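Open the model in your viewer and keep the selection tool at hand. The stops below say what to select and what is there.

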Amino acid sequence: MRSLALLAALAATPALAQTDPSDWDAVAATAQGQTVYWNAWGGSTTTNDFIAWVGERVAEDYGVTLEHVKLTDTADAVTRVLSEKQAGTDTDGAIDLIWINGANFAAMKDADLLFGPYAEQLPNWQYVDVDGKTVQTDFTVPTDGYESPWAMAQVVFDYDSADMEPLGSMQDILAWSQANPGRFTYPQPPDFLGATFLKQVLVDLLDDASVLSEPATDDNYEQVTAPLWDYLDALTPTLWREGRAYPPTGTAMFPLIADGELDLSISFSPGAASAAIANNELPDTVRTFVLDKGTIGNASFVAIPYNSGSTEGAMVVANFLMSPEAQVRAQNPDVLGYGTVLDMEALSDEQRAAFDALDLGIATLSPAALGAVQAEPHPSWMTRIADDWAQRYGVAQ
Amino acid sequence: MLGPLLAGIYGTILPAFGHLPAAGLTGPSLDAFRALFDWPGLPHAVTLSLTTGLTTTFIALFIVVGLVAGWSGTRSFRALERALSPLLSVPHAAAAFGLAFLIAPSGWIARAGSPWLTGWDRPPDVLILQDHWGLTMTAGLIIKEIPFLLLMTLAALGQADVVRARTVAAALGYGRVTGWLKCVFPRVYSQIRLPVYVVLAYGMSVVDVAVILGPNTPPPLSVQIVRWMSAPDFNARLLANAAAILQLALVIGALLVWRLGEGLVAMLGRRWIMAGTRSTCDPVIAAASVTLAATSALAIGGGLAVLAVWSFAGFWGFPDALPDAFSLQNWSRHASGLGDALGQTVLIAACVTLVSLALAIGCLEAEHRHGLRLTQRGMWLLYLPLIVPQTAFLPGLQTFLLNAGLDTGIAPVMLAHLVFVLPYVFLSLADPFRAWDRRTATVAAALGASPNRVLWAVRLPMLLRPVLTATAVGLSVSVGQYLPTLLIGGGRVSTLTTEAVALSSGGDRRAIATYALMQTAAALVPFALALGLPALAYRNRKGLQHG
C-alpha cells in the first residue's frame, strides 16, 4: 500500500508545488488573494446568479476572487486544458475549476489532466452522503477524489397539467406523443440532457439494464441498443417540428412550454420547473413526474485542472460548494432547486432545520415521490449512442 | 495585418494534414480529410454554406442596386437612407435575435395576429427558425448586408458622374432604372466589387447568426467547424482543421464562380445596352426594391422593439400581444453581469479603434506627403482579412498563439480584433481624407506651418466628421466580433457579444434580450455621437457644418 501511495505521489509531480489538500489551514492561507476562473455552463440565469453569490461568499470568507467563465459547452474547457498540455503550459493555465461530469470527467481523468486527489480531504466532505448518493462514482467511473460533488440531479418530466396527465413509462410517452403530435421534444444530442433522454429510453425499455454498467463492446452494442432505435424511429415523426429541428438545451424548452408549443419536456433538475415558474419563465400549471420504474440520476461535480495556478483557491470554492450554507441555497427553488449532496443525518439540528424549512415549490416532487434512482450507464454507451444518433437523426433529410 | 492571417492559415493547414507534434501526430496524412468526407452531414453542410452565401449576396445586391437606381435623389430615398444607415452598426447577433423573436411561430407577428386573425391559441408547429435550407438565416444576413452595401454604393456614386449620365440617358428616352443600370452601374460595380466579395465570404462562413437562426441537422459547415474545434477528442480537432481548409476552398470557389458570373453579366449587359431597349419593367424593379428595403429596415427596427419588450417582460404567454406585466427585475438582475461585459467590450473596442485610427491616419498622411497611392493590389491586401473566412484561420491562430505562449488575456483578443477593425476604419476614412482640398495645406504651409502642424491643426479638425465616423465604424465592428473573441480569448474574455450568443443556447428570452439590447447600444451610441459632436464643434464654423 505504502509503495502504491509513493508511486501515486511520484506520478503526480506537477502537483508537488501545490499545497497539500489535507492541510486545510495552509490551503486557506495560500488561497487568500487568488483568482479562480470557474468554467461552468452559462446558459442559465439562475445558475449564473448562484455562481455570482458563491463568488461573493468566498471573497468575504477567504479573500478568493471567483470569475465565472460562461461556457456553451463543457467540452470547450476540456479542449482548452488539452491544448495547454500540448503547448506545454503546465503552470497557471486558463482554467482553475470546471463544472463537470460524465464523459468529460472520464476523458480528463484518463488523460491525467486533473489535479488531485483532493475532494475527500476537504473539511466539508464530512457532511457528504457517501452511502446514499452516487458521489464517489461518476457515470460508473470512480471519482477517486479528483472531483467533488455539489449537486444531485435526477431525470424528471415537466408537463403542463392544463393539457395532460402524468405518464408512467417510455411506451406511454410514445403512445401519448403519437396521439398528440408536435407536443414533445428533447434537446439535440450531444447536449447532455438530450443524451440523457436517449439513455433514459434505453434503461426504461430494457428488462435488465445491468448490462449498461459495463463498457459497451462491439459485440453487444448493436443488440442492446436495437430497442432504442426502434423506439426513436416511431417517436421522431411525432416530435415537435417532426424532429427536423431540436432545441439546443433543456432550458431552451421552457419558452416553448410557456408559449404552448410543448406540453411535455425532460429536465435533469427536479426543482428547475418550480424555479422557472417563480421567474415567469413557465406557466404555473407546470408539474413534474417520474417514470414508474424510476429515472436516471447523477451528481454534478467540480474538478481542478492539473495546471491550475490557483488550486488552493479552487479547493476553497469546491469546499464552500459542499457547505450546508451553499447546499441549502442551491436547493431553494427560488434560487436553483438543485438536490443536495449532503447527508441530513450528518448535519447539526440547526443545519437540518434550514433544509426542512425550504418550501420546495409547487412543481417539485418530494424526495419520496422522486422514487428509485437508476444508475447512469457507463460513459462508453453515451458516447456511442450520441454518435449514432447524430448519424441517424442529426443529419436529417 | 497579414501576419496573423498567414500564421492562422499556416496553423490550420498543418493539423489538417495530420501534423500536430504536440499530440504526437506527425504527418502528412489524409486521415482527417477522409474522416471529413465520411461525415454524412457534409453534402448538406457544404450546400448550406454555398446557398446562404450566394443567395444573401445576390438578393442584397439586387435590392441595393434597384433602390439606388430607382430612387436615388428622391425624398423617399433620403428617408430610407436615414433609416438604414444607423442599422449598419446594429450587431449581427442582435439583429438575428430580434428577427427570431419577431418571426418565430410564437413570435411577435404571430402573437399580434392571434387568435383574432389566425385562430391560433397555440403557436403553429411549423419550422421557421432553424429551417433545413437556412432560409431564415439567409434573411437575417440579408437585412444586415443591405445597409452595408447601400453605404458602400453611395460612397462609390461620388466618382461615377451620375447626374450627367442620368440626364443623358433620360434625354435618350431611357427610364430611371434602365438608364441607371446601363450607364452608371458598370462604373459603380467596379468600385463596390470588393465589398460584395466581403458579403459573399461572410455569408458563407458566418457563425453567430448561423447559431441563432440556422439549422442544426446538420448545421452549416462553419458552425460544425467550431463544434469540432471544441470537442474533447483530438481527431475532431484535426477534422475541424480539415473542414476549415474545405471552407477556404469553398469561399475561393464561390468567389471564382461569382467572378465568372460578373463576366457573363457584363457580356449580356453589353448586348443589352447595345440593343437599346427601353425596358418597361422599371416600375416593378423600383417598387420591389423599395418594398424589400423598407421591410428589412422594419425587420431590424421591429426586432429591436420586441427585444426591448422582452427585456421588461413579466410572464408573457402565447397569444398575448404584450406581457402580463412589465418590470425592471430583469435589468436589475443582469446589471452586474452587463456592467462587467460592457466594461470589457468598451475597453477592447476603444483600444483597437484608437490603434486602427492611428495606423490609418499614418498611412493616409504618408500617402499624401510622399505622393503615393494605394494600388488595386493594395486594396486587395486590405480586404483580404475580410474575405478569408474567419473559421479558416482563427483556429490556426489560436494554436499558433498558444505555441508562442501569447495566449489568453485581453491583448491577443485586441490583436485579433485589429485584423478586422483596421480595414473598415481605413476604408471609411480614406475617401474623405483624400478628397480634402490640398490647397488648404498649401496656404497653411505658406503661413509657416510644418507638415505635422498642418495635420494636427488644420487637416484633422477639418476632417472631424469623417474621423468620428471612422471611429464609430471601428467601435461597432469590434463590438460585434464573436469568433475572434471566443477563440482567441480562450473564454476568459467575455464581451457583450460572446455573453449574448452563449445565452442563446439557454433560451432565456429575457436575458438574451437585455444582452442583445446592450450590445446594440454599445455599437449605436458612438454613431449618435459621431453625428452630434461635429455639429457642436462646428457651431461657429458655418462652412464646415455640411462638409
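Two residues are in contact if their C-beta atoms, placed from the backbone, lie within 7 Å. This is a predicted model, in which local features need pLDDT of at least 70 and side-chain atom pairs count only at pLDDT 80 or more, while totals for chains, interfaces and linings use all residues. Residues are numbered from 1 along each chain as its sequence is written, and chains are lettered from A and ligands numbered from 1 in the order in which they are written.

**Stop 1: the two domains of chain A**

Select residues 4-149 and 300-360 of chain A for domain 1, then 154-297 and 374-393 for domain 2. These bounds come from an automatic or database domain assignment. The C-alpha centres of the two domains of chain A are 28 Å apart. Where they touch, 16 residues of domain 1 of chain A are in contact with 18 residues of domain 2 of chain A. The domain 1 side consists of eight nonpolar, seven polar and one charged residues. Here Ala, Val, Leu, Ile, Met, Phe, Trp, Tyr, Cys and Pro count as nonpolar, Asp, Glu, Lys and Arg as charged, and the others, Gly among them, as polar.

**Stop 2: a strand in chain A**

Select residues 156-160 of chain A, which form strand β7. Strands (E, at least two residues) and helices (H or I, at least four) are DSSP runs, numbered from the N terminus. Two strands pair if DSSP finds at least two bridges between them. β7(A) runs antiparallel to strand β8 (residues 264-267) of chain A, with four bridges. Four bridges also join β7(A) to strand β9 (residues 286-289) of chain A, again antiparallel. Now pick Y159(A): its bridge partner in β8(A) is L264(A), and in β9(A) it stands opposite R287(A).

A residue is buried if 20 or more other C-beta atoms lie within 10 Å of its own, exposed if 12 or fewer, and partly exposed in between, with C-beta atoms placed from the backbone. Four of the five residues of β7(A) are buried, so this strand is largely enclosed by the rest of the structure.

**Stop 3: chain B as a whole**

Select chain B, which has 24 helices and zero strands. Its C-alpha atoms fill a box of roughly 65 × 65 × 55 Å along the principal axes. Of its 547 residues, 51% count as buried.

**Stop 4: where chain B touches chain A**

Here 42 residues of chain B are in contact with 50 residues of chain A. On the chain B side, the elements giving two or more residues are α15 (329-370), α17 (390-403), α23 (496-504) and α24 (509-537). Which helix gives the most to this side? It is α23(B), with three residues.

**Stop 5: inside chain B**

Select helix α12 (residues 221-229) of chain B. Nine of its nine residues are buried, so α12(B) is largely enclosed by the rest of the structure.

Next, select T471(B), in helix α21 (residues 464-480) of chain B. Is T471(B) buried or exposed? T471(B) counts as buried because it has 23 C-beta neighbours inside 10 Å. Leaving aside neighbours within four places in sequence, T471(B) is in contact with T353(B), L357(B), P526(B) and A530(B).

Last, select L99(B). Beyond its neighbours within four places in sequence, L99(B) is in contact with A139(B), G140(B), I143(B), L213(B), A299(B) and G303(B).
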